[in-house]
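Please look over the sequence and the structure shown here before reading on.

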Amino acid sequence: AIPMNDSNLSIVYTGRIYEVSATCGSDTLTIIKKSKTHGSAFTEFKDVDTYTFVVNMEGYLNTVQTFEITKKEVDVNWSLSDFTYNGSVQYPEPTIGGIVAGDACTLVTNYSGAGTNVGNYTVSVSSLAGAQAGNYVLPADGSGSKSYTISPKKLTKPYASGYLIYNGGNQLLIGGFDSATMSVSFRSGASNVVNSIQGKNADTYIATVSLKYTNNYRWEDGSISMVTLTTTIHPQTLSIAGVSLASKEYDGTDITTLDLSSLLVLGVVASDYGTDGEIDKSKIWIVPSVGGIIDENGKVHLGGTTAGRYTLKFSLVKQGSEANNYTLLSDEYECITYITRATIKVTGGIDVATDNNGLKGKVYDGTTTVNFDTSKAVIVYSANGNACSGVTVEAYGGYASSNAGSSVSALIWSLKLGGTLAANYELDVSTSLTALNNGTITGEITKKDVTAVITAGDCV
């Protein structure tokens, strides 16, 4: 029961149902009428209102008493007050407190002051709603409104891609790039940029990346300055093999042939091959540049005619639409070849030499020594039998007998080449001796004159 007295005419709403009784001393008074400001007679003394009670005591005039239940102030609690920009409207959410269990009372929030972009904003609770909302009132301390901040979103700076080598495909030049928040321009390599931030061809790419919306974004260091990135796609390295110079036998010329039939180009990427599995030469190929070495007839000049070892260096030239995407392991290619000594033989023309007295032979001297005349020696190439000039031959041997005779057989035991070009030839001695020692070489060994000396003495 709520006692009626001058000091307890108002209470704050608690959600309880109250009973009202009136006494006067030991006498109980009768409440003959009760009403409230909002509405007619009531059955429960609970909700916020002003209630009027008419009390009767026998023998006395009726007494009127007014009793008030006032609104209970609710608690408003807010969630986060700081936000990071995310492109959507953001605001803190209020929660209500101080509500009697079982009462239906919620907050009605005015979000018209909420924002999307970076800045300071305020939202507030505008009213209360629910079946028991009339029993409550918003707090007077200002906690029904909330100011908050949306801060810029921090982005990780993009970065240049690592070491790139031409592979025939599009490669990412910049990592960590977000086209929704960043813009990019290239001040170097722009003509080779594809798909905004990719490159295919070998080049140095210099990009400038900036934030699209500097009011809502910052780099992780808090700045908004442009980021400059340099990425290089390096050329693929090529080398060659299989180029050769034909060796030749000495023939007095420096001409040989360059063999490109087995030329291999090594290091070509897969995309520069044709469907037949061979390198697409319209895209990339390498040829030796032999200017000054090859004449107008396509003949390679070794730069020397004598027998020996020759080393020629060729400059290499890239050809094809993708040539700039390749580099050469070496700008030169070295070939080694040889001019070998030509094999020759003596087939005839050697005879016994004539002495100073016109004798084709010698005067008996007790030896088999013989001198040969090789001035008319027939020297030919073993390979084709063609006459060989520019070389001489010396012959060494002896008579078959040391005795005098008009036609003594002479044998050649050894031959020696001579002349300025002799080093370019290899003499087939065995074949030559077989051809020469066929019994046709003869000379005369004349008898030696003897002078008799008679000395006079005593005779008996």
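The side chains of D365 and K362 come together in a salt bridge, with 2.8 Å from N to O, a salt bridge being a side-chain nitrogen of Lys or Arg within 4 Å of a carboxyl oxygen of Asp or Glu. This is a predicted model, in which local features need pLDDT of at least 70 and side-chain atom pairs count only at pLDDT 80 or more, while totals for chains, interfaces and linings use all residues. Residues are numbered from 1 along each chain as its sequence is written, and side-chain values use heavy atoms, with hydrogens and water left out.

**Salt bridges**

- D365 counts as partly exposed at 45% relative accessibility, whereas K362 counts as buried at 12%; buried means under 20% relative accessible area, exposed over 50%, and partly exposed in between, for a 1.4 Å probe and protein chains only.
- A search of the whole structure finds 6 salt bridges, and side chains of opposite charge can pair when their charged atoms come close.
- Another salt bridge joins the side chains of D251 and K248, at 2.8 Å from N to O; here D251 is partly exposed, with a relative accessible area of 43%, and K248 is buried, with 11%.
- E322 and K200 also meet through their side chains in a salt bridge, at 3.7 Å from N to O.
- That pair links distant parts of the chain, 122 residues apart, since E322 sits in the loop between strand 33 (308–319) and strand 34 (326–328) and K200 in the loop between strand 21 (198–199) and strand 22 (203–211); strands (E, at least two residues) are DSSP runs numbered from the N terminus.
- E322 is buried, with a relative accessible area of 11%, while K200 is partly exposed, with 26%.

**Aromatic rings**

- The count comes to 13 aromatic pairs, where rings of Phe, Tyr and Trp (its six-membered ring) pair if their centres lie within 6.5 Å, and planes under 30 degrees apart count as stacked, over 60 as edge-to-face and the rest as tilted.
- The rings of Y213 and Y217 have centres 6.4 Å apart and planes at 40°, so this pair is tilted; Y213 is partly exposed at 43% relative accessibility, and Y217 is buried at 11%.
- The rings of Y381 and Y425 are likewise tilted, with centres 6.1 Å apart and planes at 45°.
- Y381 lies in strand 40 (residues 378–381) and Y425 in strand 43 (residues 425–427), so the pair ties together parts that are 44 residues apart in sequence, and both residues are buried.
- Ring pairs also link Y18, F45, Y51 and F67 into a cluster.

Definitions and conventions:
Helix = DSSP H or I, 4+ residues; strand = E, 2+ residues; numbered from the N terminus.
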